[in-house]
Number of protein chains: 2
Amino acid sequence: MLNFTFQNPCKIVFGKDEQKQVGKLVKEYSSHVLMVYGRNSIKTSGLYDQICDSLKAEGIEYVELPGVKGNPEMDLVYEGIDLCRKNGLDFVLAVGGGSVIDTSKAISVGVPYDGDVWDFYLRKCKPTKALPIGTVLTVVGAGSEMSCSNVVTKADEKLKRDFDNQIIIPRFSILNPELTYTVSSYQTACGSFDALTHVMERYFTQVEHTDVTDRLCEGLMKTIIAFTPLAQQNPDNYDYRAEIMWAATLAQNNLMSTGRDGDWACHKIEHELSGEFDIAHGEGLAMLFPTWIRYVYKSNPERIRQFGRRVFDIDLAGYDDDVACLKVAEALEDFEKKIGLKTDMSSLGIDEATARMLAERCCWNAPTKGKFRKLDPTDIAELLMQAAKVR
Amino acid sequence: MLNFTFQNPCKIVFGKDEQKQVGKLVKEYSSHVLMVYGRNSIKTSGLYDQICDSLKAEGIEYVELPGVKGNPEMDLVYEGIDLCRKNGLDFVLAVGGGSVIDTSKAISVGVPYDGDVWDFYLRKCKPTKALPIGTVLTVVGAGSEMSCSNVVTKADEKLKRDFDNQIIIPRFSILNPELTYTVSSYQTACGSFDALTHVMERYFTQVEHTDVTDRLCEGLMKTIIAFTPLAQQNPDNYDYRAEIMWAATLAQNNLMSTGRDGDWACHKIEHELSGEFDIAHGEGLAMLFPTWIRYVYKSNPERIRQFGRRVFDIDLAGYDDDVACLKVAEALEDFEKKIGLKTDMSSLGIDEATARMLAERCCWNAPTKGKFRKLDPTDIAELLMQAAKVR
């Protein structure tokens with residue numbers, strides 16, 4: 001087990017009707033708020049009115065920034081920074097999923113910074129100040145509601161970039177599973193697979209003696225795998241939605257990282273995919289992860305086997321590593337198919353030149369990506385070409 | 001799943017040598033500190049000197065309050081409150097295990113309170129202010145280092161009483177497994193069993209649809225059960241000590257309570273036991289818990305079976321509930337024996353009158369204790385008499 005520091009002060013308010021507390025929760029920090037959201041869904045669901053009523057009841061003034069899309073873009077971040085500065089807003093309330101929250105996080109560090117907020121994503125410097133953030137979560141998966149992470153896209157350059165910093169952890173997040181009933185089956189699959197991957201990225205480590213966090217990771221993964229198909233079949237079942245909602249938050253709040261390091265190669269490679277192509281992050285991960293397992297398993301077959309045994313309950317006794325790890329990759333593919341995700345990138349029509357370009361772009365700030373096995377641009381291009389084949 | 005609020009801002013600094021950071025961590029809050037510890041063990045181990053050096057290096061003045069014992073007493077709490085007030089100390093640094101930390105928590109709420117701090121334990125009122133606390137943990141089990149709980153004893157009245165409050169969560173806790181190498185095999189067993197019980201109290205619930213936290217609880221319990229005997233056999237094995245140290249902290253930081261309620265009858269009954277008799281809290285729990293399972297299993301046999309199947313890997317298929325739940329109680333007893341704890345209270349020599357007296361005392365503030373099955377004083381006396389028989 002590695003030495004670690006863990007701290008996550010985010011207040012989670014979980015359950016039915018809890019969105020009605022939003023005014024009181026915001027009021028602890030501010031009376032002048034930027035409210036960030038996506039498109040019309042929160043208006044048709046009635047959530048928008050509930051939020052506005054709750055803010056008004058506490059005398060909180062708010063300016064709205066609607067229009068956040070999946071793979072959220074920097075243009076809207078700059079617009080939000082301007083709105084905060086012009087109107088003296090000192091709190092960002094995100095009402096939506098990961099894209100809305102990540103846009104809010106980018107705004108929160110941009111407002112008190114004199115330079116271009118994109119500097120933080122290019123690793124030119126680290127943010128030292130941020131406006132406080134609160135969230136009302138409506139789409140499960142990204143885990144941004146309790147994380148120190150965020151990722152945004154500069155559309156003109158097709159660059160999707162991220163950074164982590166403790167100061168962007170939300171002060172509070174309201175999680176009401178009812179607010180996710182209208183999330184489509186496909187979006188539910190993408191969100192769950194993203195959450196599952198947040199655990200897998202941490203689970204596949206070369207650090208030894210990580211038993212307690214292994215067990216916790218396995219618990220989250222088993223929960224996501226069991227309840228995602230059930231939630232797809234019963235979209236307005238509170239309990240199924242609740243299980244994946246809380247599991248997805250815990251998947252990304254860094255508790256699962258304690259004492260270990262993670263791999264994150266698939267996440268970094270996927271960011272290049274969804275920067276270049278218009279695909280959902282969760283499905284991009286599904287297209288990559290089984291191929292990643294096949295590509296890297298020789299670096300630590302026992303860890304892949306443990307994942308298969310404990311998470312998918314596969315009996316691998318008697319199989320050599322090559323066969324066993326292939327079975328594990330196939331079990332993951334079977335789950336992906338079950339929830340309606342593509343298991344390969346064949347639909348993207350990537351040729352070798354594109355694969356090489358994406359691989360080079362992925363290694364923009366380091367010679368390799370991933371820690372379970374370090375992948376250089378040649379590896380990443382090869383992995384992409386293997387994932388591009390029909391399975 | 002129940003609605004819940006979860007927030008735990010404690011900063012965990014975990015790993016080798018991390019106690020040397022204590023001065024820097026304290027300095028964020030204070031330069032005038034009360035340092036609370038137990039008896040001589042931190043001096044013989046060299047920890048005392050390391051702490052003092054680190055505090056001095058940051059220019060922090062400190063006053064010492066040594067002498068905390070197991071089942072810590074209020075006399076020392078009053079002494080600590082006086083020391084803080086007379087010397088203008090505004091931070092309490094606990095160096096020790098649960099007793100030292102709980103003494104520090106009691107002092108922290110007592111200093112800013114005009115009345116008798118014991119009022120909080122008698123539920124006369126709730127604390128609204130507390131001095132900040134930090135801890136350097138040397139004994140694993142109580143989980144007080146990241147919890148909102150504390151328990152102290154008024155020796156003259158043989159009363160052991162507790163309260164929970166968010167304001168007594170430590171600001172930071174330093175967890176270095178090396179500092180626990182000198183904890184004896186018996187104390188290791190007591191601590192681990194206390195931690196295991198913190199999970200079991202939460203696990204045995206009548207709330208339905210608690211799947212994700214069930215899985216997390218099972219992960220912690222499996223870890224504690226696997227690594228406690230290994231740590232006893234290899235007391236200076238870093239990895240074994242690390243697994244139980246982190247598991248025990250997570251057992252009690254309230255994450256395992258999210259979306260569910262707990263039972264806590266055994267804890268409340270045990271507080272009466274160790275208030276009356278000079279026994280370790282962890283062993284008191286071991287004396288009670290298997291009998292509690294036998295006494296309550298009919299209230300929800302499936303939950304007892306799930307515990308047996310998933311935590312102890314017992315194959316219960318084909319057994320009726322009576323036999324299956326008995327097997328589960330026996331599996332818990334086998335674990336207790338394996339780590340050297342008593343599985344019954346026969347050594348205490350309790351007669352029926354004493355059992356009735358303890359049962360009445362246990363229900364001092366409510367007609368029943370426990371939620372898995374509500375136990376009134378008659379039940380508790382009966383349970384104590386059953387636990388008093390030789391097994």
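## A strand pair across the two chains

Strand S1 (residues 4-14) of chain A pairs with S1(B) in the antiparallel sense over seven bridges. Here two strands count as paired if DSSP finds at least two bridges between them; strands (E, at least two residues) and helices (H or I, at least four) are DSSP runs, numbered from the N terminus. Within this pairing, B:Thr5 in S1(B) is the bridge partner of A:Val13.

Please keep in mind that this is a predicted model, where local features need pLDDT of at least 70, side-chain atom pairs count only at pLDDT 80 or more, and totals for chains, interfaces and linings use all residues. Residues are numbered from 1 along each chain as its sequence is written, and chains are lettered from A and ligands numbered from 1 in the order in which they are written.

## The side of chain B that touches chain A

Contact links 31 residues of chain B with 31 residues of chain A, where contact means that C-beta atoms, placed from the backbone, lie within 7 Å. On chain B, strand S1 (4-14), helix H8 (211-233) and helix H9 (238-251) each supply at least two residues of that side.

## A buried strand in chain A

Turning to strand S5 (residues 133-137) of chain A, five of its five residues are buried, that is, 20 or more other C-beta atoms, placed from the backbone, lie within 10 Å of their own. A:Ile133, A:Thr135 and A:Leu137 point one way from S5(A), while A:Gly134 and A:Val136 point the other way.

S5(A) runs parallel to strand S4 (residues 91-96) of chain A, joined by five bridges, and A:Thr135 is the bridge partner of A:Ala94. S5(A) also pairs in the parallel sense with strand S8 (residues 172-175) of chain A over four bridges; there, A:Gly134 has A:Phe172 as its bridge partner.

Methods: Contact = placed C-beta atoms within 7 Å. Buried ≥ 20, exposed ≤ 12 C-beta atoms within 10 Å, placed from the backbone.
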